[in-house]
Amino acid sequence: MVGVLKNLRRKLSQSLEDIEDERLTGRLADLGVQPIAEAPTRTPILLAGEVQGLQVVPRAGSPSLEVTFSDGSGRAVAVFTGRKRLGGVDCGRRIVVDGVGRTERGRMVVLNPAYTIVE
Amino acid sequence: MRVVIAGGGNVGTFIAEDLVKAGHDVVIVEVDADRVAEALAAGEPAGVQWIAADGCEVSEFARAGVDKADVVAAVTGDDEDNLVISLLAKQEFAVPRVVARVNNPKNEWMFNEMWGVDVSVSTPHLLTALVEEAVSVGSLVRLLSFEGGRARLSEATLAPDSPANGKDLAELGLPRDSTVVAIIRDDHVIVPRGDTVLRGGDEVLVLTTPDAEDDVVATLLGARATRTTES
């Protein structure tokens, strides 16, 4: 009983962000990919996450699709140059991204990665 | 800094020599094995590491340690190769700074972020700009572009009948998106202030956006003046 109450109290006092992060961590756990927050830059990596935003941004006069995804530990952006949309990549989907990351203005950015839509 | 130079021709070799002298760690990637053997036998330039590999192939390019490089310079004599090398450096190795050589000025429009190029250098454009600078009084010469063309450093030599002659910078009223960064008068550099008075014969260096350029020309050189070459 005390345990249940403690759990309930923890749930109630958690911030929305923490709950969201926990949900994402749970949703992506089965993929066994390393957390975004711990991923190294400048070396080939696999990242997974839930798509949270799609944005078409002009880069040097041509459109680029920026796909923001999060796994609860952090966020990363996959940039697809010359694309305005990618079939099947929509908000809420789980994707696995295979590429080389770098830090750009404090964000983890992967340029033109290979991607897999998990569900 | 660790610098990987793709292309071991004259340009690549000279750059390597300069960078080694400046204390950097330099690797040259050259596709022609004979050229590499020749350079290694001659031992020139001293202190440079040569690798016989094709920079357009990811696996071969990786042998040069591109994943640890701070800068990649694509300076082969072939624009297509330079673009491929730049894109690979950015996409496969996330190199922080990629510099590429433009051989044919007609291809310069492609040397941008889309192809992974941070900075492009076009020798023909640089040469025309320098030639024009020597012969032009009363026109604006573009010396350098920054930020993918969003800002330019230009130079104007004031003719005696320039509308700016005898005015100070504050009353000149240059557009908001431009600023005078230096004035060269009789071989001396004058750091501009609001009360600096311009004279005929002054070389005025202006940092400006493309949109503000026409106003800058009108203010410094008068309405009839011309603008010249991109660089």
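**Ground rules**

I am working with a predicted model, where local features need pLDDT of at least 70, side-chain atom pairs count only at pLDDT 80 or more, and totals for chains, interfaces and linings use all residues. Residues are numbered from 1 along each chain as its sequence is written, chains are lettered from A and ligands numbered from 1 in the order in which they are written, and side-chain values use heavy atoms, with hydrogens and water left out.

**Entry 1: chain B as a whole**

I began with the secondary structure. Chain B has 7 helices and 12 strands. Helices (H or I, at least four residues) and strands (E, at least two) are DSSP runs, numbered from the N terminus. I then looked up the box along the principal axes, and the C-alpha atoms of chain B fill roughly 60 × 35 × 25 Å.

Next came burial. Of the 231 residues in chain B, 43% are buried. Buried means under 20% relative accessible area, exposed over 50%, and partly exposed in between (1.4 Å probe, protein chains only).

I also checked contacts (heavy atoms within 4.5 Å). Among those in chain B between residues at least 6 apart in sequence, 55% join residues at least 24 apart.

Last, I counted charges. Chain B carries 19 positive and 39 negative side chains. Lys and Arg count as positive, Asp and Glu as negative; His and the chain ends are not counted. The centres of the two sets lie 5 Å apart, with each charge placed at NZ of Lys, CZ of Arg, CG of Asp or CD of Glu.

**Entry 2: the largest nonpolar core**

Which residues touch the most other members of the largest nonpolar core? I found Val4(B), Phe61(B), Ala64(B), Val66(B), Val72(B) and Val95(B), in a core of 22 residues. A nonpolar core is a set of buried Ala, Val, Leu, Ile, Met, Phe, Trp, Tyr and Cys residues joined through side-chain atoms within 4.5 Å. At least two residues each come from β1 (2-6), β2 (25-30), β4 (71-74), α4 (79-93) and β5 (97-102) of chain B. The largest share, 4 residues, comes from α4(B).

Leaving aside neighbours within four places in sequence, Val66(B) is in contact with Arg42(A), Val4(B), Phe61(B), Val72(B), Phe93(B) and Val95(B). A second, separate core has 17 residues, including Ile36(A), Val67(A), Ala76(A) and Met108(A).

**Entry 3: Thr13(B)**

I found Thr13(B) in helix α1 (residues 10-21) of chain B. Is Thr13(B) buried or exposed? Thr13(B) counts as buried because its relative accessible area is 13%. Its side chain reaches the backbone oxygen of Gly9(B) at 2.4 Å. Beyond four places in sequence, the contacts of Thr13(B) are Gly8(B), Ile28(B), Arg35(B), Pro45(B) and Trp50(B).

**Entry 4: positive phi**

Ala94(B) has a positive phi near 45 degrees. Ala94(B) sits in the loop between α4 and β5 of chain B, and is buried at 3% relative accessibility.

Asp187(B) has a positive phi of about 65 degrees. Its loop runs between β9 (178-185) and β10 (188-190) of chain B. Asp187(B) is exposed, at 76% relative accessibility. From Asp187(B) to Asp202(B) is 15 residues in sequence and 9.8 Å in space, C-alpha to C-alpha.

I then turned to a glycine. Gly222(B) follows α7(B) and has a positive phi near 95 degrees. In helix α7 (residues 213-221), the buried residues include Glu213(B), Val216(B) and Leu220(B).

Key
Polar contact = N/O pair within 3.5 Å; in protein donor to acceptor, adjacent residues only side chain to side chain.
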